[in-house]
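Dear colleague,

My notes on it follow.

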Amino acid sequence: MEKTFNRMAGAVARAAGRPSAFALCLASVLIWAATGPVFHYSETWQLIINTGTTIITFLMVFLIQNTQNRDGAAIQAKLDELIRSGMGKNDFIGIEHLTEREVEEFRSACERAKTAKAERG
């Protein structure tokens with residue numbers, strides 16, 4: 001089920017990011033706006049656009065979050081591999097799992113090392 005969801009989420013994210021998807025949404029809003037006088041700007045007429053946009057937004061949040069999570073994990077794995085295969089220390093592998101305070105300690109240590117190196121020449 002997870003692979004099916006990932007494929008679907010990726011396909012929807014790619015489709016939603018295309019200019020044709022924007023054009024379709026824009027056309028929908030323009031058609032809705034043009035029908036306002038026909039329906040006398042009724043509450044039902046307003047409810048249609050509000051409900052439609054709310055549902056689409058609600059679903060897109062989950063799909064976008066899914067694709068961002070996968071992209072972030074893939075980038076992190078690539079960075080970890082570069083660190084692991086390089087000549088540098090491997091202390092930074094997995095720091096994305098630390099607390100904000102622990103990550104800040106790593107940042108401070110890097111700043112101190114940078115400052116010390118600059119002072120040495």
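How many residue pairs are in polar contact between domain 1 and domain 2, counting pairs with both residues at pLDDT 80 or more? The count is 1 residue pair. Please bear in mind that this is a predicted model.

The domain arrangement is as follows. The protein is divided into domain 1, residues 1–87, and domain 2, residues 89–120. The contact between them draws on 5 residues from domain 1 and 6 residues from domain 2. Their C-alpha centres lie 36 Å apart. The size of an interface is often given as the accessible area lost when the parts come together. Here, the area buried between domain 1 and domain 2 is about 450 Å², and carbon and sulfur atoms give 54% of that area. On the domain 1 side, Gln76, Asp80 and Ile83 supply 77% of the area buried against domain 2, more than any other three residues. The count of salt bridges between domain 1 and domain 2 is 0.

A further pair of residues may be of use when you orient the model. Aspartate 71 and glutamate 105 are 34 residues apart in sequence, and their C-alpha atoms are 26 Å apart in space. Aspartate 71 lies in helix α3 and is partly exposed, with a relative accessibility of 48%.

Most residues other than glycine have a negative phi. Histidine 40, however, has a positive phi, near 55°. Tyrosine 41 lies in the loop between α2 and α3 as well, and its phi is also positive, at about 50°, although tyrosine 41 is not a glycine. As to solvent accessibility, histidine 40 counts as exposed because its relative accessibility is 67%, over the 50% cut-off. Tyrosine 41 has a relative accessible area of 46% and is therefore partly exposed.

Finally, the cysteines. How many disulfides does the model contain? The count comes to 0 disulfides. Cysteine 25 is partly exposed, with a relative accessible area of 48%. Cysteine 110 also counts as partly exposed, at 36% relative accessibility.

I would be glad to receive your comments once you have looked through the model.

With kind regards

Note on methods. Residues are numbered from 1 along each chain as its sequence is written. This is a predicted model: local features need pLDDT of at least 70, side-chain atom pairs count only at pLDDT 80 or more; totals for chains, interfaces and linings use all residues. Side-chain values use heavy atoms; hydrogens and water are left out. Buried means under 20% relative accessible area, exposed over 50%, partly exposed in between (1.4 Å probe, protein chains only). Helices (H or I, at least four residues) and strands (E, at least two) are DSSP runs, numbered from the N terminus. A disulfide is a pair of cysteine sulfur atoms within 2.5 Å. Domain bounds come from an automatic or database domain assignment. Contact means heavy atoms within 4.5 Å. Buried area is the accessible area (1.4 Å probe) that two parts lose on being put together, summed over both. A salt bridge is a side-chain nitrogen of Lys or Arg within 4 Å of a carboxyl oxygen of Asp or Glu. A polar contact is a pair of N or O atoms within 3.5 Å; within protein, one must be able to donate a hydrogen and the other to accept it, and residues adjacent in sequence count only if both atoms are side-chain atoms.
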